Amino acid sequence: MTMQTVDPRALRDAFGAFPTGVTVVTACDGDGNPIGFTANSFTSVSLNPPLLLVCLAKTSRNFAVMTGADHFAINVLSETQKDVSNTFARPVEHRFAAVEWAKGSAGCPVFSNVAAWFECAMEEVIEAGDHVILMGRIESFDNSGRNGLGYARGGYFTPTLASKAVSAASEGNIELAAVVERRGEVLLLGDDVLSLPSIDAHDGNPTEALEKYLETLTGLKVSIGFLYSVYEGKSDGKQHIVYHAVAGDGEPAGGRFVKPDALAAAKFKTSSTADIVNRFAMESSIGNFGVYFGDETGGKVHPIPAKGAKA
């Protein structure tokens, strides 16, 4: 796509291919009231002097307060704090009542149980198109050792959960599958009996192998997203790892895209496939996704809001 025809939504999606951490940026207004917003546009800049930056949209409701603040704090969320990210990504009233926090030495709200935090003096506010860059000089910080919360392609991911899933699966036969989405429709194989596209895993990078298979199957550009479901298939003895994926435009060479709400009477290859498709239909309708971790008959869905982090 050339810059003369750049589509802002497509560009945002392309930026979303880069996995980032998730932070909540905080400060206090002129009356001492705490303010904060979720941001994944955070970057370390320099060790000497100690500098960092975060980008802020000019349309943000916090723009005037943040650009006029003497100090601000960056709270790097841990992988157990998806709900905190979701709260501060939306215009929720009394949002600070939903999180445990205390004032730092410069008075900025610092959250408990974060992976790390930094309290900064405002070094410079730099114009940057439809955003500004807040450059902060770090005055105090702490590192808890917790793993940070990740964000990529519109969804959160938790490194520890993913590594446990792959570790658990590594001891048995592994089947990789994908919920391939395009504008709310799901790619399914078969006519009378439906199934998700899947392959047996071998040595190498599983997501690369799955992506290559899906692109060969459909003839479309496919991007693997976040981990969607991990379970032990008691009927086939396999470990199943299912990813969320997004397909590009065009008629698929293999399989067909179907609206989930048109599948009420459909017959699926396995009950697990039916559960996955039904869960996707429900989660996509409300905009909240999760990762299932368990077996064929029981487990837990770890909530992952699909659209929480904002630059």
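Is F96 buried or exposed? In this predicted model, F96 has a relative accessibility of 9% and therefore counts as buried. Its ring partner is W101. The two ring centres lie 5.4 Å apart, and the planes meet at 65°, so the pair is edge-to-face. W101 is partly exposed, with a relative accessible area of 29%.

The aromatic pairs number six in the structure. A pair of aromatic rings is described by the distance of the centres and the angle of the planes. For F88 and F111, the centres are 5.4 Å apart and the planes stand at 45°, so this pair is tilted. The pair links distant parts of the chain. F88 belongs to helix α3 (residues 82-88), whereas F111 belongs to strand β8 (residues 109-111). The two residues are 23 residues apart. Both F88 and F111 are buried. Through ring pairs, F88, F96, W101 and F111 form a cluster.

The strands come next. Strands of a sheet pair through backbone hydrogen bonds, either parallel or antiparallel. Here, seven strands form an open sheet with antiparallel pairing. Their order is β3-β2-β6-β9-β10-β5-β4. At the edges stand β3 and β4 (42-46). Each has a single partner strand, so one side of each is left without a neighbour in the sheet. From one strand to the next, the twist averages 35°. Within the sheet, β6 and β9 pair in the antiparallel sense over six bridges. V76 has its bridge partner, A116, in β9.

The largest nonpolar core holds 21 residues. Of these, V25, M66, F72, I74, F118 and L134 touch the most other members. At least two residues each come from β2 (23-28), β3 (34-39), β5 (51-57), β6 (71-76), β9 (116-128) and β10 (131-143). Strand β9 gives the most, with four residues.

Cysteines were also examined. The structure holds zero disulfides. C108 is in no disulfide, and the nearest cysteine sulfur, that of C28, is 6.1 Å away. A disulfide would need the two sulfur atoms within 2.5 Å. C108 has 2% relative accessibility and therefore counts as buried.

Conventions: Residues numbered from 1 in each chain as written. Predicted model: local features only at pLDDT ≥ 70, side-chain atom pairs only at ≥ 80, totals over all residues. Heavy atoms only, no water. Buried < 20%, exposed > 50% of the residue type's maximum accessible area, 1.4 Å probe, protein only. Phe/Tyr/Trp six-rings, centres within 6.5 Å; stacked < 30°, edge-to-face > 60°. Core = buried A, V, L, I, M, F, W, Y, C linked by side-chain atoms within 4.5 Å. Pairing = 2+ DSSP bridges. Axes fitted to C-alpha atoms, helices over the stretch in contact; angles between N-to-C directions.
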